[in-house]
Amino acid sequence: MTTATTAGAKAHAREQEPAAAAELPRVLHPASAYAGDLPPGVAAADLVWAETVPPGGYTSLVVAAGTRVRVRDTTGDACAHLLAFHADQPTERLNVADTVKVQWQAFLTAGHLLLSDQGRALATIVEDSAGNRADAPRHDALFGTSTLARNAERYGSGDVFGPSPAGRELFALAAAKHGLSRRDLPPSVTFFEGVSVSDAGRPAFAGSSGPASITLVAELPLIVLLASTAHPLDPRPEFTAGPLDVVAWPGAPTVPGDPAWDATPEGRRAYENSTAHRRTRGADR
């Protein structure tokens, strides 16, 4: 088949669709019959986003305040690296150091917040199925994602189009879709694969939490970036990553009276900062 003509180029491009669909993220229409399990009271027609992110892939989505975003490791091999930015002013972004320091907690689970560099709550973790199991490795908020050089040294390649793409390279592509560059990428948090730290401060890869899910509530309008790639401390010689199932549905931000609001004084202040910020920009934001 020749691509020298418009008709030939169109026919050639359309022949690639089956292969492309098998390799790239599969986005499902919100009203479609979503095949995965959903929380009680949530139907496929309620979804505002539904996607399967393949191993070594990435995605980005923009969600309104109050939106629930659930990320699932369906195979036990996935490692979800996540970044979040304030959608209305992306200079405000996830600050992992403050998230850990302000909450006096290095291992995040349900009830913990993702804090911005402005002292506001970007998101609340409201569900963590791995956190219900005492034997499950904890999620990692300390060691970030992999780099091009690291993956090239360990696996022979860290390029996004290679067999072992690095998390930072995937984030760079996802960020570019929202006018953000590499300089805008802060350290990320990691879900479904954990790290333990000894009393001497030495890290050890703790492995996978197995098939599990985590659900976040957006406390502000957010740009969410997700990368599915191996943890930087994963000792396995072969690049190992699994698919991520991502769905989102409408909801409401955390408000006074919610048990999370007064669970800690640090969390209450972060919620107050986010609430005041939304009100100055309109109650629906």
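Analyst: Accessible areas here come from the Shrake-Rupley method with a 1.4 Å probe. On that basis the chain, which is a predicted model, exposes about 13,400 Å², and carbon and sulfur atoms supply 54% of that area. Of its 285 residues, 48% count as buried. The chain has 6 helices and 13 strands.

Now for the salt bridges. Side chains of opposite charge can pair when their charged atoms come close. The count here comes to 10 salt bridges.

Take glutamate 92 and arginine 120: their closest N and O atoms are 2.9 Å apart. Glutamate 92 sits in the loop between strand E5 and helix H3, and arginine 120 in the loop between strands E6 and E7, so this pair ties together parts 28 residues apart in sequence. Both residues are buried. Arg120 also turns up among the contacts of serine 274, along with Ala121, Glu219 and Leu220. That serine belongs to helix H6, and it counts as buried because its relative accessibility is 1%.

Next comes arginine 93 with aspartate 184, where the closest N and O atoms are 3.5 Å apart. This pair links the loop between E5 and H3 to the loop between helix H5 and strand E8, 91 residues apart. Arginine 93 and aspartate 184 are both buried.

Then there's glutamate 193 with arginine 236, again a salt bridge, at 3.5 Å between the closest N and O atoms. Glutamate 193 lies in strand E9 and arginine 236 in the loop between strands E12 and E13, so the pair ties together parts 43 residues apart in sequence. Glutamate 193 counts as buried at 1% relative accessibility, whereas arginine 236, at 32%, counts as partly exposed. Finally, salt bridges that share partners join Arg70, Arg72 and Asp245 into one network.

Notes
Residues are numbered from 1 along each chain as its sequence is written. This is a predicted model: local features need pLDDT of at least 70, side-chain atom pairs count only at pLDDT 80 or more; totals for chains, interfaces and linings use all residues. Side-chain values use heavy atoms; hydrogens and water are left out. Helices (H or I, at least four residues) and strands (E, at least two) are DSSP runs, numbered from the N terminus. Buried means under 20% relative accessible area, exposed over 50%, partly exposed in between (1.4 Å probe, protein chains only). Contact means heavy atoms within 4.5 Å. A salt bridge is a side-chain nitrogen of Lys or Arg within 4 Å of a carboxyl oxygen of Asp or Glu. Lists of a residue's contacts leave out its neighbours within four places in sequence.
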